[in-house]
Amino acid sequence: MYSYLLPEFIVERREDRCIACRVCERQCANDVHAYDPELERMVSRAEACVGCQRCAVLCPTGALLIRPHPAEYRPNSSWTREKLQDLKKQAETGGVILTGSGNDKPYRIYWDHLVLNASQVTNPSIDPLREPMELKTFLGRKPDTLEIDLDNGGVKIESALHPNVPVATPIVFSAMSYGAISYQAFQSLARAAKEAGTLFNTGEGGLPKEMRAAYGGNAIVQCASGRFGVDPEYLNCAAVIEIKIGQGAKPGIGGHLPGEKVSENISVTRMIPRGTDALSPAPQHDIYSIEDLSMLIYALKEATNYEKPVSVKIAAVHNVAAIASGMVRAGADIIAIDGLRGGTGAAPKIIRDNVGIPIELALAAVDKRLREEGIRNKCSILAAGGIRCSADVVKAIALGADAVYIGTAALVAMGCTLCQKCYTGKCNWGICTQDPYLAKRLNPEIAGRRLVNLLHGWSHEIKEMLGGMGINAIESLRGNREHLRGVGLAEWELDVLGVKGAGE
Amino acid sequence: MNNLNVRFGLRDMFLDGVRPAAALIKYVNINGQSAEIDALDLKHKELNDLLRAVALQGISKVTVKNVFGQRYIGTRLYLPDPEKRLEIRISGNPGNDLGAFLNGHRIIVFGNAQDGVGNTMDDGEIIVHGRAGDIAAMSMRGGKIFIRDNVGYRAAIHMKEYPGKVPVLVIGGTAQDFFGEYMAGGIVILLGLTLKENEPHKAHYIGTGMHGGVIYLRGRVEEYQLGKEVGVRPLDDRDRAVVERYVGEFCAHFGLSAGKILQGEFRKLLPVSKRPYGKIYAY
C-alpha cells in the first residue's frame, strides 16, 4: 500500500440498510470490507477499493455506494490529480506504472463526429424485419478477377480462390489470451463465437488441447513474438492464423505475464515452464523487415498447407498506410489494425496513454492507400480498438473495414466494469484472474449467452441502420463513405477520413 | 498476374509461377520406400509440394539433391497420420526456416543451413553437417538440433520447455551475439570446436533476459560476455550425464570422438531468476 496517496474511491455504507450479511466481504478480492465483531458491524478500507462495483451490485439490501473519492488537490489543469498520484507512486517504488484496459484519456473519438445517412424520398429504405438482409462477411484474400462457368445451368467458379473464412456478422472477438483472462472467460468467448457463427481470438496464450476439436473452427490463433502455445496442431485446427506484431494499447513493446499466473495448465498451454514469467519480446526476432514478415507469413501457410488465411495484426501508428501496403505485398490475407483506444490486460500507462493513433484515422488511411494501389481486394481489414456499439461497427465498415474486433465491449458484456486493474489478477468479476475462487464466479454458459445476446442485438441494429440507408448487404457499405458525414471536424480530419462535412 | 486496376503491381515471390503437381513429377524418382527429388529448378513451394506428396504416398525416406536456398523444407509435413515420420536427407544449401514448425521428422543436411533452422520446432531432429545462420532454434519447444560448425546471431533465442518436452540444441562451433537470449527452457550445448586453443567464444550478451533452461558452454568465456540475467556454475554429476549423452549423440552424427571433447572445460550458465523483470513495475 502506498503512503501519501488519496484513496481513489469512497465507500459509503447506509447503516440503516446493512444487515452485516458479509456478501461484500466475500466478494472483494481487495479486502476492502470486513466484519468487526466488537462493533457488530461492517467496516471498510476505502484505500484498497478499485471501484469495480462488484459489492455494490451484489449487496442484497442496496446498502453500498462506491464512487470516485471527492477529495481534490488544489485545482490545476496541468498537474492533475492523476499526474500527482502517479508521481507519488513512482517516487515510492521507482517502477513503471502499470495499468489495464484501454486508453482513457480525452483524445477525440471520431465515431462521435461521424453521422450516418438514411434514405428519404429519392430511394426507399428497407425493413430488415421483412426483407432479406445480408451481414455474412468473408475474411481473406479475394481474387483480382473471377472466371465463372454458366454453361451447365449452374454457376461454377473457375478461378482458383484463396482460403476465406465466413463470419455470420462482421463482429469478431479480439485477442484475449488464456492467462491474461480466466479459463472461464476464454471459454465463454469460444462458446459464443461458435454459437453466433463468428470467431474468437486466442491471443498469445495458446489454445488448450481439450478445446481444439470443439472450438478450433471458430478460432483465430495467434503466432506472436513469444511463440507461446504454437505447435502444428494448434495452427492446423484453427480457422485463421494471426501474426501479432503490435497491439493498440502498447505499440512497440512486448508483454510480460507474471510468473505467479503461470499455473500448471497455463504452463502446458503456453508451453513454458511453470512459474516463469511468460515474456513476449517487443519484436518478433525473425521479423526485422517486410521481407522477413513475408517469410513468416509463408512459413505459416506452409505449416497449414495453404488452407488458412493468415492475418497480420499491427498497432495503428504514424505510417500505418505504408506499413499496411507492405503487409499486403508480403502476403497477408487479413490485416488487423488496433487503434489508440485498444484494450490490454497489462501495459505501462505511459505507453497506453501516449503511443499510437486513433483507429478511425488509421483505418481510413489504410483503406484509401490500398485502393489507390489497386490491392484492396488482396486483403480483408479488421478494425479494432474502441468499438463500443453497433453504430461504431457501421461507421468502421463505411470507412473501409471488412469487420471489427471487439474486446472491451465483450468483456463488459461478461461483467467487466473497466476498473483498469486487470494486471493485479484480482478481478472480482472472474474475468481477468487465475484465482480459482474468483474465476468460478464466471459461468461460461451464462457469460457465453450474454455475448451471443450482444452480437444478436448489435447485428439487428446494424440491419436497421443498413435498411435505413437503403442497403441490403453489408458488402455494399464497405468503404462507402458517401454514407458518412463529419460533424465538428477540421479540414485535415475530413481529408484523412475521406468524408464530406455534414450538409455538403 | 493480371494488371487490371493495378498501378504498382504486386508480385508474389512465393506463388507466382508455381507449377501444378503434374508438372513436377519428373523431378521425383521413387524407389520402393524411398524417393529422390532433384531440387535444381524447383521453387520453394514446389519442393514442399513434392515432399508432401511423397509423404502422403507412404514414403519414409527422401533424398533431396541440388538444394539451392529453398525455404521451409519439412514445414508442410503436418500429416493426417501423426505417427508417420520422414527422414529427409538434403545435399546443397537449404534456405531460411529449414524445419520451421517441424512435426517430428528427421532432417539431415549435407551442407550449410541459413537463418531460422528449427524455428518454433515442435518435435523431430535436424542435423546440419556444416554451419547455420541466425536465430537457429528460435522458440524451439521440442526435438533436437545438432549443428557441426558455427551459428549466427541470437541462436537458441526464446527456446522453451514444459512438462514432457525439453528441446536440445548442440552446436559444435561457436555462436554470435545474443546467444540464448530470452531463453525460457531447453538444453543448449556450445562446444567451441572451431575455436583456436584458448580463444574465447565470440558472443556477447550471452543469455540476456534468460529465465529458464540451461546452457553448457565448453571453452573460454569472459564475464563481460555474459548477460546480466545469467549466473555461472560448475557442472554437477547430473549435468555431466546430460552433456555426455548429447555430446555422444553429436559425435555419432558427425563421426567425431567424444572422449577428447568431454575432457574440455565445461561451465553451466543458468538464469539467476525465473522472473527477471518482476520488479520493474509499480502496481
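How many of the residues of strand 10 (residues 212-218) of chain B are buried? The count is 7 of its 7 residues, so strand 10 is mostly covered. This is a predicted model.

**Chain A overall**

- Chain A holds 16 helices and 23 strands.
- Along the principal axes, the C-alpha atoms of chain A fill a box of roughly 90 × 60 × 45 Å.
- Of the 504 residues in chain A, 53% count as buried.
- Take the contacts in chain A with a separation of 6 or more: 69% of them join residues 24 or more positions apart.

**Two domains in chain A**

- Chain A splits into domain 1 (9-95) and domain 2 (137-141 + 167-472).
- The centres of domain 1 and domain 2 of chain A, taken over C-alpha atoms, are 33 Å apart.
- Domain 1 of chain A gives 9 residues to the contact, and domain 2 of chain A gives 7 residues.
- On the domain 1 side of that contact in chain A, 4 residues are nonpolar, 4 are polar and 1 is charged.

**The largest nonpolar core**

- In soluble globular proteins, nonpolar side chains tend to be buried together.
- The largest nonpolar core here has 235 residues.
- The members that touch the most other members are L189(A), I335(A), I337(A), L363(A), L382(A) and V404(A).
- Helix 15 (residues 444-469) of chain A supplies the largest share of this core, with 9 residues.
- Both domain 1 (9-95) and domain 2 (137-141 + 167-472) of chain A put at least three residues into this core.
- Look at I337(A): leaving aside neighbours within four places in sequence, its contacts include I314(A), A316(A), V320(A), I359(A) and L363(A).
- Also in contact with I337(A) are A362(A), V366(A), I381(A), A383(A) and A384(A).

- Strand 6 of chain A runs antiparallel to strand 22 (residues 484-486) of chain A, and 3 bridges join them.
- In this pairing, L116(A) stands opposite L484(A) of strand 22.

**Where chains A and B meet**

- Chain B brings 50 residues to the contact, and chain A brings 45 residues.
- On the chain B side, strand 9 (184-190) and strand 13 (281-282) are the elements that give two or more residues.
- By class, the chain B side has 23 nonpolar, 16 polar and 11 charged residues.
- Strand pairing also links the chains: 2 bridges join strand 5 (residues 96-99) of chain A to strand 13 of chain B, and the two run parallel.
- The bridge partner of I97(A) in strand 13 of chain B is A282(B).

**Strand pairs in chain B**

- Strands of a sheet pair through backbone hydrogen bonds, either parallel or antiparallel.
- Strand 4 (residues 87-93) and strand 5 (residues 103-110) of chain B run parallel, joined by 5 bridges.
- Strand 5 of chain B is also parallel to strand 6 (residues 123-128) of chain B, with 6 bridges.
- Follow I107(B) of strand 5: I88(B) has it as a bridge partner, and in strand 6 of chain B its partner is I126(B).
- Back to strand 10 of chain B: strand 9 of chain B pairs with it in the parallel sense over 5 bridges.
- I187(B) stands opposite V214(B) in that strand 10.
- Strand 10 of chain B also pairs with strand 12 (residues 266-271) of chain B, in the antiparallel sense over 4 bridges.
- There, R218(B) stands opposite F266(B) of strand 12.

**An exposed loop residue in chain B**

- G32(B) sits in the loop between strand 1 (28-31) and strand 2 (34-38) of chain B.
- G32(B) has 7 C-beta neighbours inside 10 Å, so G32(B) counts as exposed.
- From G32(B) to Y281(B) is 249 residues in sequence and 62 Å in space, C-alpha to C-alpha.

Key: Residues numbered from 1 in each chain as written. Chains lettered and ligands numbered in written order. Predicted model: local features only at pLDDT ≥ 70, side-chain atom pairs only at ≥ 80, totals over all residues. Pairing = 2+ DSSP bridges. Domains from an automatic or database assignment. Contact = placed C-beta atoms within 7 Å. Nonpolar A, V, L, I, M, F, W, Y, C, P; charged D, E, K, R; others polar. Buried ≥ 20, exposed ≤ 12 C-beta atoms within 10 Å, placed from the backbone. Core = buried A, V, L, I, M, F, W, Y, C linked by C-beta atoms within 7 Å.
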